Amino acid sequence: MCGIVGYTGPRPAAALVLEGLKRLEYRGYDSAGLAVVDGGRIEVHKAAGRIAVLEKELTGMMPAGRTAIAHTRWATHGVPNTTNAHPHTDCGGTLALVHNGIIENAGVLRPALTKRGHVFRSETDTEVLAHLVEELHGKGASLADAVAAALQQVEGTYGIAVISTREPDTVVAARHGSPLLVAVGNGENFIASDASAVLAHTRSVVYLDDGEIAVITPGDYRILDLSSVEKDKTVTQVDWDLATIERGGHPHFMLKEIMEQPESLRNTLRGRLLEDEGDVRLGGLNLSDADLLQINRIVITACGTSWHAALIGEYMMEELARIPTEVEYASEFRYRNPIVDERTLVVGISQSGETADTLAALREAKRRGARTLGLVNVVGSTIAREVDGGIYLHAGPEIGVASTKAFTSQIAALALLTLKMGRLRALSILQGREVVKGLARLPELVERVLAKAPEVERIAERLIRAGNVLYLGRGYNFPVALEGALKLKEISYVHAEGYPAAEMKHGPIALIDDLMPVVFVAPKDAVYQKVVSNVEEVKARGGRVITVVTEGDSGVAKLADQKIEIPETLDLLTPILTVLPLQLLAYYMAVRRGCNVDQPRNLAKSVTVE
């Protein structure tokens, strides 16, 4: 969740970490703070609210030191106020620490530390870490050794960065479950939760793994394990630049990312489609055809929007590849006693590649002998490094908290995996060619749908006073109904529910009256006629019907109060087109309701805590 930046080098550090923090604000925006080693002391500045509040308070009084850490918070322990904002310091103010994660045994450690004379100033679990490090560092241990020893006393997850007046040009960082990287500069080095924070200065990064500590000084960096044994790590070059994480003239990142979907889909599909063979090339699976033929069951695990993509993948895999497939919430799968073995393929889907529950589910599956694949967007992420293989989405950075282009790229990647598995089994070359051609046409069809944005905006204007919205779909488009409802809830704060259209009669139909907008996702597919009947049922009860239909539709469309048309495509690919108007509808509703589109309340982009 939270965002961390650290710097040590020849330049004034406060301005640099504040700049990096702004690029991490999507990770949390309840409060923000920074600490600078300046003139033999640590100067701390914190503020409740967004980073702009902190920046305003620092106007004309920016600290001058050259080593600093900074933090933007998504609150777990303690209300989001200035006192609970990070960094947290020790009793003597000689060290400062920032933390992403949860210290699960803080309730045990805190009273023990209090008995030993430590004074706590906040309600956070994080402050426990600052006092644990203080005990050891104050007795002469190096900062790195003190951090390592302190971490061996805690349970839970963490990504931390620590500075001390005793080692004024050093930042020590460590991770267990929360992402961190070292960014290697020229005579300066950085710590960050995400490469976006440091791309203005370097593209050379070293990703930390769980149980690793980084020690950076202006001219050097070292990676250690918790026993202080030095490790050799590969330096990775980030392949995107700062321009890709700017808004590019759009008022919000979310709109920019919606409009980028033709290109993000091209990037997901590029070099992977084999039209003549009716097949795909997936070099990153790291599983041979013989290995894949041994698979007799697939489990797809994910959270949130990625879970909705997983449901679509289940339908694809069972229809085309004829492999029994289940979809599991990662947060539930990790705590069950799942039945998986060496012939089970467990696929984890995560935009960030750092989702804590999905990572834990994959680790549990590997422990039980299953093969694992990751569908992730971030190269070098923890899931990408820990699975047997996978498919990178190549959708480009997604900054808006509400996922859009990653979702459609996830569906495309699942279609690629389905095609691979199907062609190894019963799917004919002619059927394979049809799917390949459908995938190849998607970017052009997406452009056509996105051109209808003004139509969607007009519909949104009529709905801004709605207090509840029902989304209905069947077959491949039931998960799209779930996703449309989630988007509306996430960014416009309007209550919405997604249901299979036929299930409406088993409860939700009681809600329908002339004030209840009902969105039907109803393209011309195998279950189209069934949806027509469901629309009739809503109209008979005075419901307001908005439909997403195939161009030229004369059935559902004539019953609708408003309609949005999409081009025709294969049934399994319709979700990539039908979800686009729902993304736009949520966006325009949120804008008109005055909501913060890119940073909706209580949410953060990457969920790295349970």
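Contact here means heavy atoms within 4.5 Å, and helices (H or I, at least four residues) and strands (E, at least two) are DSSP runs numbered from the N terminus. The model is predicted, so local features need pLDDT of at least 70 and side-chain atom pairs count only at pLDDT 80 or more, while totals for chains, interfaces and linings use all residues. Residues are numbered from 1 along each chain as its sequence is written, and side-chain values use heavy atoms, with hydrogens and water left out.

**View 1. Helix 1 and its buried residues.** Helix 1, residues 13-22, is largely enclosed by the rest of the structure, because seven of its ten residues are buried (under 20% relative accessible area, with exposed over 50% and partly exposed in between; 1.4 Å probe, protein chains only). The buried residues are Ala 13, Ala 14, Leu 16, Val 17, Leu 18, Gly 20 and Leu 21.

View 2. The protein contains 19 helices and 27 strands. Its C-alpha trace spans about 80 × 55 × 40 Å along the principal axes, and 60% of the 610 residues of the protein count as buried.

**View 3. Contacts across the chain.** Among contacts in the protein between residues at least 6 apart in sequence, those that join residues at least 24 apart make up 72%.
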